[in-house]
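Below are some brief notes for your review. Please read them alongside the sequence and the coordinates.

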Amino acid sequence: KMLEPNKTLRENNVSKSGKFSVGLPITMMITGMVGNSLALMLVYRSYRKKENNRKKSFLFCIGSLALTDLFGQLLTSPIVIYAYLADKKWETMDPSKILCAFFGVCMTTFGLCPLFLASAMAIERSLAITSPHWYSIHMKTSLTKQILVVILCLVLIFALLPIAGVGQYTHQWPGTWCFISIGDREDPGMFFAITFAVLGIFLLLVTFSCNVVTIRGLIIRCKTKSGTSHSAKQWERLTTETVIQLLGIMCVLLICWAPLLVQMLRMITTKISSDDCNSAKESFSPSPSPDIQLECKLFLFTIHLASLNQILDPWVYLLLREILLRKFCQVASAVSKCSIEENKETQSEGQRETEMDRDALNKQ
C-alpha cells in the first residue's frame with residue numbers, strides 16, 4: 001500500500017511524457033508520406049517518358065523503395081500514435097496479441113525490404129558501370145520486376161517465422177510498439193533476432209562495397225574521357241552528381257541502420273531482454289540497474305534512427321538529385337574555375353616579374 005502513491009505519481013509522469021512525445025511519430029509520418037508521395041509521382045512521370053531499359057529498371061527500383069517506405073509508415077505509425085493518445089498499456093489494448101504480431105511483421109518486412117532494395121540497386125549500378133556490355137544484354141525490366149517480387153516474398157516469409165513459432169514479437173518499451181524479442185533465452189527466439197541483425201549488417205556491407213566499386217569505376221571512366229569536348233564535360237558533371245548521390249546513400253544507410261543492428265547484437269550478448277526493458281518502467285518493480293536503463297534507451301533511440309531512413313530514402317535516391325545536386329555541382333565548378341583563373345593570374349604575374357628582372361639585368 002505504501003507503494004501506491006509512488007505508483008500513481010510515476011504513472012502520471014509516464015502519461016504526460018507519452019502525450020508530449022506523440023508529436024514525434026506524427027511529424028515523422030507526415031514528413032515521410034509527403035517525401036515518398038512526391039518521389040512516387042516523380043518516378044511515375046519519368047518512367048513513362050524513358051525508353052531506355054536501363055533507366056526504367058532503376059526507376060522501377062526507386063519507385064518500389066518509395067512505395068515500401070510509404071506502406072511501412074501507413075501501417076505502423078497510426079498504431080503508435082493511437083497507443084500514445086490512448087495512454088493505455090499494450091496488454092490492455094491488445095490482449096490477444098494479434099495487433100502486436102501484425103506490428104512486428106510490418107516492422108520486420110518494411111525494415112528489411114529497403115535494405116534488400118538498396119543492395120539490389122547497388123549491385124545493379126556496379127554491374128552497369130563495370131560490365132556495361134553484359135548488363136545491356138542480360139538486365140531487362142522484366143528481370144528487375146521478378147527480382148523485386150522474389151525479395152518481397154522472401155522477406156515476408158522471414159517476417160512470418162515468429163508466427164510459426166521461430167522467434168517472437170513482443171511489445172517494447174515504452175509500450176507503444178512491438179518488435180522482435182531481444183535477448184530471449186530460448187534458442188528459436190535467439191536465432192531469429194541474431195539472423196535479423198546479421199542479415200541487416202550483411203546487406204549494409206554489400207551496399208557499401210558495391211557503391212565503392214561504382215564510384216571507382218565512374219572515376220576511372222571519367223579520367224579516360226577527360227577533355228575539352230562537350231561530351232567529356234557532360235560525363236564529368238554526371239559523374240560528380242552520381243558520386244555525391246552514392247556517398248549520401250551510404251551515409252544515410254550507415255547512420256540510420258548500423259546503430260540499431262549493432263545495439264541488437266549488444267543486447268543479445270549481454271542478455272538484456274525486452275522483458276527487462278518493460279519491467280524497468282513499472283513503478284512497483286525493483287529499481288533497474290543503470291546499465292539496463294541505458295541499453296533500453298539506446299535501443300529506442302536506434303529504432304527512431306532506423307525509422308528516419310524511411311523519410312530520407314526518397315530524398316537521397318531521387319529528390320535531392322533533381323533539386324540540389326546540380327546546384328551543388330554548378331557551385332563547385334564555379335569555385336574550381338575561380339581557383340584556376342586565380343592560379344593563371346598568379347602565374348602570369350610571376351612570369352611578368354621574371355621578365356622585368358631579366359630586362360633589368362640585361363640593361364645593366
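**Notes on the model**

1. At 46% relative accessibility, I30 is classed as partly exposed, because that class lies between the buried limit of under 20% and the exposed limit of over 50%. The model is a predicted one. I30 sits in helix α2, which spans residues 23-49.

2. I30 also belongs to a nonpolar surface patch, together with V34, L38 and M41. The accessible area of these residues together is about 370 Å².

3. Strands β1 (residues 169-172) and β2 (residues 177-180) run antiparallel and are joined by 4 bridges. T170 has F179 of β2 as its bridge partner. The hairpin of β1 and β2 has 4 residues between the strands, and G175 there adopts a positive phi near 95 degrees.

4. Over the whole structure, 6 aromatic pairs are found. For W177 and F179, the ring centres are 6.2 Å apart and the planes are at 35 degrees, so this pair is tilted. W177 and F179 are both buried.

5. F179 also pairs with F299: the centres are 6.5 Å apart and the planes make an angle of 35 degrees, again a tilted pair. Because F179 lies in strand β2 and F299 in helix α11 (residues 290-363), the pair ties together parts 120 residues apart in sequence. Both F179 and F299 are buried.

6. Which residues make up the aromatic cluster that includes F179? The cluster consists of W177, F179, F196 and F299.

Key:
Residues are numbered from 1 along each chain as its sequence is written. This is a predicted model: local features need pLDDT of at least 70, side-chain atom pairs count only at pLDDT 80 or more; totals for chains, interfaces and linings use all residues. Side-chain values use heavy atoms; hydrogens and water are left out. Patches are made of residues with over 30% relative accessible area and no salt bridge: like charges are joined within 9 Å, nonpolar side chains (Val, Leu, Ile, Met, Phe, Trp, Tyr) within 5 Å. Accessible areas come from the Shrake-Rupley method with a 1.4 Å probe; for residues, only the protein chains shown count as cover. A salt bridge is a side-chain nitrogen of Lys or Arg within 4 Å of a carboxyl oxygen of Asp or Glu. Helices (H or I, at least four residues) and strands (E, at least two) are DSSP runs, numbered from the N terminus. Buried means under 20% relative accessible area, exposed over 50%, partly exposed in between (1.4 Å probe, protein chains only). Two strands pair if DSSP finds at least two bridges between them. Rings of Phe, Tyr and Trp (its six-membered ring) pair if their centres lie within 6.5 Å; planes under 30 degrees apart count as stacked, over 60 as edge-to-face and the rest as tilted.
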